[in-house]
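Subject: Structure for you to look at

Hi,

Here is the structure I promised to pass on. Have a look at it first, and then read my notes below.

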Amino acid sequence: MIPLLMIGLSFSVFGSVIWPCIPLIVEEEHHGSAYGLMGAFQNAAQSLLPLVLSQVYHESGNYRDCEVVLALFASLGLVVGVYLLYIDEVYENAILRKP
């Protein structure tokens with residue numbers, strides 16, 4: 001139960017951390033579009049994930065496989081986050097680390 005709570009907490013923290021990064025990496029005239037796309041992607045993920053998890057539970061019959069799917073998504077998010085930090089460091093002069 002504790003790992004599932006930790007995964008849920010990490011998903012909610014990710015959303016609150018990524019929103020303030022938009023003004024740092026998107027030009028000012030495109031802020032509205034960037035926020036709109038971000039909201040659309042998050043809403044799509046939040047509406048599709050329960051469908052995916054219910055299908056996984058329906059096929060396997062246990063919640064452990066659902067936790068594995070959530071852990072895989074969290075791992076994918078970690079890999080993508082580290083890759084974006086690498087891209088920022090190498091090509092963007094570390095704009096995300098500036099105060």
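Let me start with a question: is D88 buried or exposed? Keep in mind as you look that this is a predicted model. D88 has a relative accessible area of 5%, and the cut-off for buried is under 20%, so D88 counts as buried. You'll find D88 in helix 4. Setting aside neighbours within four places in sequence, D88 is in contact with N93, A94, I95, L96 and R97.

Helix 4 covers residues 63-91, and it packs with helix 1 at an angle of about 35 degrees. The axes of these two helices are 10 Å apart, and their crossing is left-handed. From helix 1, the residues making the contact are L4, I7 and F11. Helix 4 brings E67, L70, A71, F73 and A74. Sorted by class, the contact has 7 nonpolar residues, 1 charged residue and no polar ones.

Next, the aromatic rings. There are 2 aromatic pairs in the structure.

One of them is W19 with Y35: the ring centres are 5.7 Å apart and the planes sit at 5 degrees, so this pair is stacked. W19 is in the loop between helix 1 (2-18) and helix 2 (22-25), while Y35 belongs to helix 3, so the pair ties together parts that are 16 residues apart in sequence.

Last, take a look at H31, which sits in helix 3 (residues 31-60). A polar atom of the H31 side chain lies 3.1 Å from the backbone oxygen of V26. If you leave out neighbours within four places in sequence, the contacts of H31 are I22, P23 and V26.

Cheers

Definitions and conventions. Residues are numbered from 1 along each chain as its sequence is written. This is a predicted model: local features need pLDDT of at least 70, side-chain atom pairs count only at pLDDT 80 or more; totals for chains, interfaces and linings use all residues. Side-chain values use heavy atoms; hydrogens and water are left out. Helices (H or I, at least four residues) and strands (E, at least two) are DSSP runs, numbered from the N terminus. A polar contact is a pair of N or O atoms within 3.5 Å; within protein, one must be able to donate a hydrogen and the other to accept it, and residues adjacent in sequence count only if both atoms are side-chain atoms. Contact means heavy atoms within 4.5 Å. Rings of Phe, Tyr and Trp (its six-membered ring) pair if their centres lie within 6.5 Å; planes under 30 degrees apart count as stacked, over 60 as edge-to-face and the rest as tilted. Axes are lines fitted to C-alpha atoms, for helices over the stretch in contact, and angles run from 0 to 180 degrees between N-to-C directions. A crossing is left-handed if the near helix is turned anticlockwise from the far one by less than a right angle, and right-handed if clockwise. Ala, Val, Leu, Ile, Met, Phe, Trp, Tyr, Cys and Pro count as nonpolar, Asp, Glu, Lys and Arg as charged, and the others, Gly among them, as polar. Buried means under 20% relative accessible area, exposed over 50%, partly exposed in between (1.4 Å probe, protein chains only).
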